[in-house]
Amino acid sequence: MEARLDPMKDDLPLMANTGYMLVKHYILDLDVDFKSKVIEGIIVLFFETGNGYRKTSGTGKECCQSQFDETCKMRASEPCHIPVTNVLTCSSETEYSDFALCGEEDASDKNGNHSNEEQASGISSSKDCCDIESNGNKDFLLVLDCCDLSVLKVEEVDVTAVSGIEKFTSAKLTDVSKGLENLRNQIVHELVTLPADRWKEQLCYFTRCSQAPGCGELLFTTGPWSLEIRKSGIRTPTDFPHAIRIWYKTRPEGRSVTWTTDQSGRPCVYTMGSPINNRALFPCQEPPVALSTWQASVRTAASFVVLMSGENSAEPVQLREGVLSWYYYVTMPMPASTFTIAVGCWQEVKQQSFTAATQTNIEFSLPSSQADFRWCGEICGHVEYPCRFQNPATRLQAVIPYRVFAPCCLVERCEERLLRLIPQCLSAAYTTLGTHPFSRLDVLIVPSNFSSLGMASPHIIFLSQSVLPGGSHLCGTRLCHEIAHAWFGLAIGARDWTEEWISEGFATFLEDLFWARAQQQLSHDEAKGQQELKALLRWRRLKDEVQNSEEELQVLRPKKESTGELSGSGASVVKHGLKAEKIFMQVHYLKGYFLLRSLARTIGEASYLASLRKFVHKFHGQLVLSQDFLCMLLEDIPEQKESGLTVESIFQNWLDTSGIPKPLLEEGEPWRECQLVRQVSGEVTKWIQTNQRIRKSGKKKRKQDEVVFQKLLPDQLVLLLESLLEEKTLCPRILQCLEKTYQLREQDAEVRHRWCELVVKHKYVPGYGDVEKFLREDQAMGVYLYGELMVNEDVKQQQLAHKCFAAAREHMDASSAKVVAEMLF
């Protein structure tokens, strides 16, 4: 099955059979050990029978049996693991503060200890484990996504042993006429389907159930991409245990977990699952349709801080001397891929003069169409959970509570740069889209080996240290981009991960709108000028990427008409999901941005933003495909269909083909008339003329060589340096003058990257130190420079590339290291 689901080595297989069973809730109970670089512990999964099985079930027993048969046959020859009984003791010393929410405490679970008493499982040999057929019947296989994990033991959880659990079933716990298995599954069903207003009670009972004794070990097999679990004699998902406990360990080399040191030299670990998401952090269901909630307790040494995707700002509890426990929870169902954890010696960044009272007084204004922000009593379209869009108080919260964490050596810079930007950007986002989907926000400056400028997860944003140097521009725009993902990418997710543009295209488009409003004093014309300048820079980047990347990677809907389709079991693949180079491409950002920009220009910005707000209200908490947005947009603007703007034409012109979209080419380049762009053009001319004069006159400096250059904005500097990169030759004196005139070494990372490109192209030896510094400190952006250093075939430059890679390789992101190694060796 794994071979069939992974026909190309570059496709990421999503193995979980979500069509049969869906995880509704995870409870993680973990220990983080920095000495062994291992996260070890237990995960308890609570299931519901999948929609695919329920819909086709006639008798409740025989449906999908042919698909089960095929699955079982595929595995009949695979090795199986015998579950062991003398493994890791399932002991948690955490006491959950939310226990009191239940109104009573279970004395047997007071200390959080999991019982290891088990009933006989009937396992006697590996032959029995591998014997898929039993008395002519086929056992149902539960398939979870799993990679780079050591699974130690799997067992069924006896939820009937929890005190007070009888409230979740109409049958008495002593009534076994229908079988204990059915009773346990009925209890889990009642628990996972509790109304949203009982979420505290639900979390409490999830916790108690996770600590209940086991009632039999389950057979399991691990493969390259999956964990397969079965219970002897159980033929259907309906009868399979709906609460299971898994003992496991991560591996130091696991691709979802990064062990490294922070900028202060202290050990830390964080999860950035690309490209395999979280399957090397815990066994899970990776397909987007597997929306679930979670709770997590994480124990580690007292010198560390644990940050996580969680609705609560966790307060650590001391378990014993030198050990703290951190507890987080989430009540909004999300894909398992969005779960994020970071453990390190982070320090919270605080500014005494910038108090909480100041945060709440930030000015904001709603657009004229305030009705867009009112709920008016509509029913949400998502599954039931405590939704902020239905809460009158949260609908008026322009700035959600936030915290900033960083290694100690960067605290002062974060205080100066980042702390004041966050409320401005949050308020700007609220002014544009309305209610914040999440209740709070942590922002963490991650280690220098982080492979991008930022990453958004529920309740937490990772930012690269590269956004801090220079002025506020790069930091602000990147913060706006990640905040936009709260709506597009998290609250509204893609039903098929190949449609990345739904997340990245929207975030790129919205970052400009958010940043314009975050700057507050910006006039309308100034904001438009900045946006046109940005559009030109993105246009140049898109042309470059189209010319220098594989055509198949330029398609925004690579699965085309099959987008969103799953196999009968629910398994699928992410097309090109394992291609290392795809991580560094921005085509889905850029083409998505230009599509949304084109639609906004066609429809009008006011109408377009009103449609965006309507889309958010209608689809928050749900998964969508491209047509969901496009159909709603065109329904609101029916006259556009007369001009030939249809969902089909947008697919054909923008999403389903490689290269530059035809409508974008036909639009021309309106940004050429932008005053900021014309100003740069004038400055480029001055530099080119000065370079020509110096080359003609030699090294001797003449008075008439003195030229007055204008001060430029960061994006203008990027455009200036990119334009000068097109010149065949720039003399050393010009490069020296360039750096001095604009103080390029003090600019933001986008500007310094272009400066390094100029240094490499013209073999400007005095600038090699800048290149080395960039490759060391700005790893999120430095991959391309390695290629430039090698292409010139200059011995000094190649030595520089090898030196920098050797110093960074041990802690470099795996995908980055792979791409750079291919360039160098």
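Let me start with what counts as an aromatic pair: rings of Phe, Tyr and Trp, the last by its six-membered ring, pair if their centres lie within 6.5 Å. With that in hand, here is one aromatic cluster: F488, W501, F506, F615, F619 and F629. Keep in mind that this is a predicted model.

Now the count. By that rule there are 31 aromatic pairs. I'll take two of them. Any such pair is described by the distance of the centres and the angle of the planes.

The pair of F168 and Y205 comes up now. Their ring centres are 5.1 Å apart and the planes stand at 75°, so this is an edge-to-face pair. Where do F168 and Y205 lie? F168 is in the loop between β7 (149–157) and α5 (180–192), and Y205 is in helix α6 (residues 199–210), so the pair ties together parts 37 residues apart in sequence. Buried or exposed? For F168, relative accessibility is 3%, so F168 counts as buried. Y205 has 0%, so Y205 counts as buried too.

The other pair is F282 with F339. The centres are 5.4 Å apart with the planes at 80°, so this pair is edge-to-face. Again, distant parts of the chain are linked. F282 sits in the loop between β13 (267–271) and β14 (291–301). F339 sits in the loop between β17 (323–335) and β18 (341–344), and the two residues are 57 apart. Both F282 and F339 are buried.

Next, charges over rings. Y205 comes back here. The charged end of R208 sits over the ring of Y205, 5.7 Å from the ring centre. A further case is R538, which lies over the face of Y593 at 4.4 Å from the ring centre.

On to strand β20, residues 402–406. How many of its residues are buried? Five of five, so to speak: the strand is mostly covered. In a regular strand the side chains alternate between the two faces of the sheet. For β20, both faces are covered. One side has Y402, V404 and A406; the other has R403 and F405; all are buried.

And the neighbours of β20? Strand β19 (residues 347–348) pairs with β20 in the antiparallel sense, over two bridges. There, E348 stands opposite F405. Strand β21 (residues 441–445) runs parallel to β20, joined by four bridges. There, Y402 stands opposite L441.

Now the helices. Take α24, residues 783–791. Its buried residues are V783, L785, Y786, G787, L789 and M790. What covers the buried residues of α24? The cover includes α22 (749–761), α23 (768–777), α25 (795–808) and α26. After α24 comes E793, with a positive phi near 55°.

Helix α26 deserves a stop of its own. It spans residues 814–824, and S815 is in it. S815 has 10% relative accessibility, so S815 counts as buried. What does S815 touch, leaving out residues up to four places away in sequence? The contacts are P275, A580, I583 and F584. Take I583. S815 and I583 are 232 residues apart in sequence, yet their C-alpha atoms are 7.8 Å apart in space.

To recap with two points. F168 and Y205 form an edge-to-face pair, and R208 has its charged end over the ring of Y205. Strand β20 pairs with β19 in the antiparallel sense and runs parallel to β21. That's my tour.

Definitions and conventions
Residues are numbered from 1 along each chain as its sequence is written. This is a predicted model: local features need pLDDT of at least 70, side-chain atom pairs count only at pLDDT 80 or more; totals for chains, interfaces and linings use all residues. Side-chain values use heavy atoms; hydrogens and water are left out. Rings of Phe, Tyr and Trp (its six-membered ring) pair if their centres lie within 6.5 Å; planes under 30 degrees apart count as stacked, over 60 as edge-to-face and the rest as tilted. Buried means under 20% relative accessible area, exposed over 50%, partly exposed in between (1.4 Å probe, protein chains only). A charge sits over a ring if NZ of Lys or CZ of Arg is within 6 Å of the ring centre and within 35 degrees of the ring normal. Contact means heavy atoms within 4.5 Å. Two strands pair if DSSP finds at least two bridges between them.
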